[in-house]
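Welcome! Have a look at the structure, then try each task before reading on.

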Amino acid sequence: MQTDLTINGHTYALNADQRTTLLDALRQHLGLTGAKKGCDHGQCGACTVLVNGRRINSCLTLACMHDGDEIVTIEGIGSEEDLSALQQAFMSEDGFQCGYCTPGQICSATAMLEEVKAGWPSHVSDSLDGKPRLSDEEISERMSGNLCRCACYPNIVAAIRSASEASS
Amino acid sequence: MTAHVKMDAPDRRNRLDAMAQGVIGEPLDRSEGALKVSGKAVYAHEWPVEGLCHAVLVRAAISRGTVTRIDKAPVEAMDGVLAVIDDDRLLRNPAQGTANKAPVQGPRKIFYIGQPLAVVVAESFEQARHAAQQLVVETEAADAVLDPEAETLEHERPKGKQTSQGDLDQAMGAAAFSIDEVYRTPGHSSAPMEPHAAIASWDGDRLTVRASCQMLKYNRNELADALGIKPENVRILAPYVGGGFGSKLGIAHDAVAASIAARAVGRPVALALSRRQVFETTMRRSESRQRVRLAADAEGRLTGIGHAALVSQLPGEKFSEPVTQATHFLYAAKNREIVHEIVRLNLTCAGSVRAPGEAIGMTVLETAMDELAIKAGIDPVELRKRNIPETDPEGDKPFSSHMLASALDRGAKLFDWQRRNPVPRSTRDGEWLIGLGMSSAARVNMLAEAEAIVTLSAGGVRIESDMTDIGTGTYTVLAQVAAEMLGQPMQSVTTVLGDTDLPPGPGSGGSWGASSTGSAVFAACEDIRKCLAEKLGCVEEELTLKDGHAVTANRRVPLAELLADGPISVRGVIEPGKTSKEVRQSTFGAFFAEVAVNEVTAEVRVRRMLGVFAAGRILNAKTARSQCLGGMTFGIGMALTEELIHDPRTGAIVNRDFAEYHLPVNADVPQLEVDFLEERDPWASPIQAKGIGELGISGAAASINNAIFNACGVRVRDYPATLDKILAGL
Ligand code: FES
Ligand code: FES
């Protein structure tokens with residue numbers, strides 16, 4: 001069936017099986033292999049992309065449910081020649097090793113910083129209202145849906161901290 | 001030209017230190033970093049291959065038995081299905097690391113739940129998955145052997161794996177202080193984030209496989225042997241590998257099944273294991289039962305060490321977890337008894353998971369040492385220092401270098417160890433009990449045969465090897481060695497890896513990749529330097545290369561000028577020699593951890609953790625540190641959450657996904673600290689570097705478990721230290 005998607009500012013008319021997840025649509029049908037498949041079950045975060053500005057696990061949703069949606073993948077966050085501040089910070093803090101969880105980490109962090117700006121609290125926030133301060137504990141908590149077996153967690157936290165400090 | 005170096009004598013020249021470029025050891029960003037952060041690095045399942053179709057495995061639902069019938073016809077008739085294959089060449093289990101030949105094959109006899117029995121190929125992944133679910137495989141079940149500690153099981157005791165020296169029983173009887181305890185560690189899964197995957201395509205008799213593999217030189221032979229074709233007809237490409245941690249050492253189901261399927265349907269085939277399949281059909285670390293006996297005199301000097309390990313494996317597999325690998329040399333004691341026993345079970349194949357042996361053996365030994373320190377009333381750091389041997393306690397070989405004492409001292413100082421109150425339950429923060437613990441780190445060091453071609457041209461340097469970078473930093477560190485030796489800025493060095501058409505490296509495993517392949521690159525570069533020196537009429541030692549220029553006796557010549565008549569290309573070969581046998585080689589270190597144990601819920605939080613490591617020359621301080629962070633985090637998982645749980649009735653792994661097999665997540669890991677000791681080990685390699693990828697896990701979990709005891713007085717001898725086990729003792 002046909003689904004119209006806007007991905008990284010480009011429109012795509014996707015013709016795929018109804019069972020095709022958004023993740024498989026990106027990887028198998030549209031050549032956007034930046035989003036990774038680590039579990040296909042919503043348990044690792046490797047497939048994180050932004051749908052209408054929010055981070056989601058693209059393996060847990062069917063492509064045909066996204067007719068008309070605006071999707072941003074790692075390819076839309078920044079290219080090799082023009083990296084975003086977060087991508088740059090992941091490089092300098094060594095926030096990855098094998099790199100497989102990395103696009104998911106960066107998409108997730110991109111949306112997470114917006115959530116903090118919007119005042120969304122987390123499990124470790126001092127209160128439910130007010131502006132959460134982006135402590136290391138907040139970053140770790142909010143990034144815990146993105147597994148990294150190479151275990152670059154301290155560096156991921158450092159990268160997000162430095163990118164957000166640089167932007168504010 | 002070939003530059004062949006056999007490591008028959010220590011290399012004390014420290015040539016890299018005499019170079020001028022100033023990049024070796026520096027904390028440089030990864031060369032391939034921009035590709036990875038922008039999603040442009042291409043992993044196995046992502047290659048744009050024309051006409052690709054998809055395959056999905058069908059697997060055994062029983063632990064032991066035979067396949068009596070596969071009802072192919074209804075599935076073959078399904079939409080999009082191209083083939084249903086139960087070829088005799090399908091693997092029973094993946095090959096072990098460095099096997100170099102096919103593992104046990106054949107999908108008729110079932111040895112464990114999850115064993116691949118057939119593969120369904122279809123136009124799309126969705127069709128293949130659906131069809132695979134519909135395939136009816138009839139089986140006849142036999143009694144499975146599932147409990148490693150069942151009393152009726154025969155215990156194999158391989159001759160070469162037992163050590164007996166002196167009289168341990170007598171030492172135990174005469175000891176002022178002694179420990180005799182049984183510890184257990186559960187099975188673990190490597191769980192790399194990229195599931196095993198392959199795309200196979202045939203061109204006549206030639207097979208190309210894009211796969212997620214750690215050791216291409218071996219994998220090519222394993223794949224060829226499994227398929228019954230010539231290795232020359234096989235090409236494997238793996239420029240980017242999404243982690244391995246041992247699980248991708250040998251060729252696995254994905255590559256073999258995809259190759260068979262691609263041949264059968266005459267089109268390229270992609271096959272990725274699902275996460276559940278990764279848990280159930282690739283290697284698990286064996287569970288272990290370990291009895292440790294320690295006998296010490298009144299000063300805490302060990303007089304006896306006993307370490308008896310029981311591990312499990314499938315029938316017919318040679319590998320068994322070398323639990324006591326470091327016990328042989330870590331501490332001095334005249335009387336020693338090391339026992340290695342194996343039982344054969346119908347569970348997923350046991351194989352290498354990061355630091356096979358030390359990961360669990362050091363962890364248990366170091367837990368026992370903590371118990372001894374407490375019994376003897378000696379500080380745990382001091383106890384270890386008192387027992388460092390002068391030479392290998394089992395044969396008197398000298399150590400190539402021994403940095404344990406320095407690591408212990410440095411760690412104690414950095415961690416402010418003196419603040420620790422040795423009495424459990426004496427430090428509190430609200431409802432949290434705070435404790436400090438430590439452990440030693442050790443991992444055997446190995447050099448492996450490796451080759452690389454280095455080409456210096458007017459445009460820069462090119463390095464080629466079939467070596468892999470599985471997150472280990474290979475691209476970057478090889479470039480640093482060449483840039484340093486040949487006086488090039490890093491941007492001028494191109495490193496091409498992960499292609500069996502290139503010179504064979506040893507692959508990533510056993511922590512040997514960087515030191516071995518780095519040495520091959522070094523050997524090639526030394527020869528290139530000699531050529532340049534000859535052109536300039538000086539000796540190599542007097543030649544300075546920096547920023548693309550050669551300097552000698554006040555002359556500064558652009559390299560491009562010297563290379564005007566063409567590039568210089570040298571194949572560097574490193575071969576292990578006498579230094580691997582004449583001395584005992586190991587990396588050493590120490591872990592320190594601070595934990596908080598909740599007095600109400602028994603939840604454990606790691607608050608601080610430090611690792612101090614000595615691994616010879618550090619080639620890149622940034623990527624080496626990251627490797628250690630990774631190892632230490634594996635240690636946190638081992639200490640607190642990671643455990644493969646088998647259903648005792650069927651053998652099925654019940655926690656075969658990330659929701660139930662608990663890897664540490666970001667919130668479980670504090671800002672870990674890593675400190676490297678300055679070291680050059682001349683026996684290890686001509687670049688004086690040793691392995692670093694596994695040292696960070698080798699003993700790490702014990703520091704956390706020992707800290708739990710210090711916090712709350714509960715000793716967990718059955719890893720991991722989950723809430724239920726702690727709560728029972730609170
Ligand atoms: S692949 Fe989607 S969460 Fe793991
Ligand atoms: S970088 Fe390898 S899993 Fe995160």
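**Exercise 1. Work out what share of chain B is buried, and how chain B compares with a globular protein of its length.**

Solution. Start with burial: of the 730 residues in chain B, 64% are buried. Keep in mind that this is a predicted model. Next, take the secondary structure, which comprises 17 helices and 30 strands in chain B. Now turn to overall size: chain B has a radius of gyration of 26 Å, close to the 27 Å from the globule rule for 730 residues, so it is as compact as a globular protein of that length. The C-alpha trace of chain B spans about 80 × 75 × 50 Å along its principal axes. Finally, consider the contacts in chain B with a separation of 6 or more: 82% of them join residues 24 or more positions apart.

**Exercise 2. Describe how strand E23 of chain B is placed beside strand E22.**

Solution. First find the two strands of chain B: E22 covers residues 460-464, and E23 covers residues 493-496. They pair in the parallel sense, over four bridges. One of the residues to look for is B:Ile463, whose bridge partner in E23(B) is B:Thr495. Then follow the chain through helix H11 (residues 474-486): E22(B), this helix and E23(B) make a right-handed β-α-β unit. Last, compare the faces of E23(B): B:Val493 and B:Thr495 are on the covered face, while B:Thr494 and B:Val496 are on the uncovered one.

**Exercise 3. Find which residues touch the most other members of the largest nonpolar core.**

Solution. This core has 145 residues, and those touching the most other members are A:Ile160, B:Leu532, B:Met609, B:Ile704, B:Ile708 and B:Ile726. Helix H12 (residues 513-536) of chain B gives the most to this core, with ten residues. Apart from this core lies another, of 42 residues, including B:Phe329 and B:Phe592. Now zoom in on A:Ile160: beyond its neighbours within four places in sequence, its contacts include A:Leu86, A:Phe90 and A:Met143.

Terms used:
Residues are numbered from 1 along each chain as its sequence is written. Chains are lettered from A and ligands numbered from 1 in the order in which they are written. This is a predicted model: local features need pLDDT of at least 70, side-chain atom pairs count only at pLDDT 80 or more; totals for chains, interfaces and linings use all residues. Side-chain values use heavy atoms; hydrogens and water are left out. Buried means under 20% relative accessible area, exposed over 50%, partly exposed in between (1.4 Å probe, protein chains only). Two strands pair if DSSP finds at least two bridges between them. A crossover is right-handed if, with the strands pointing away from the viewer, the path from the first strand over the helix to the second runs clockwise. The radius of gyration is taken over C-alpha atoms; the globule rule is 2.2 Å times the number of residues to the power 0.38. Contact means heavy atoms within 4.5 Å. A nonpolar core is a set of buried Ala, Val, Leu, Ile, Met, Phe, Trp, Tyr and Cys residues joined through side-chain atoms within 4.5 Å.
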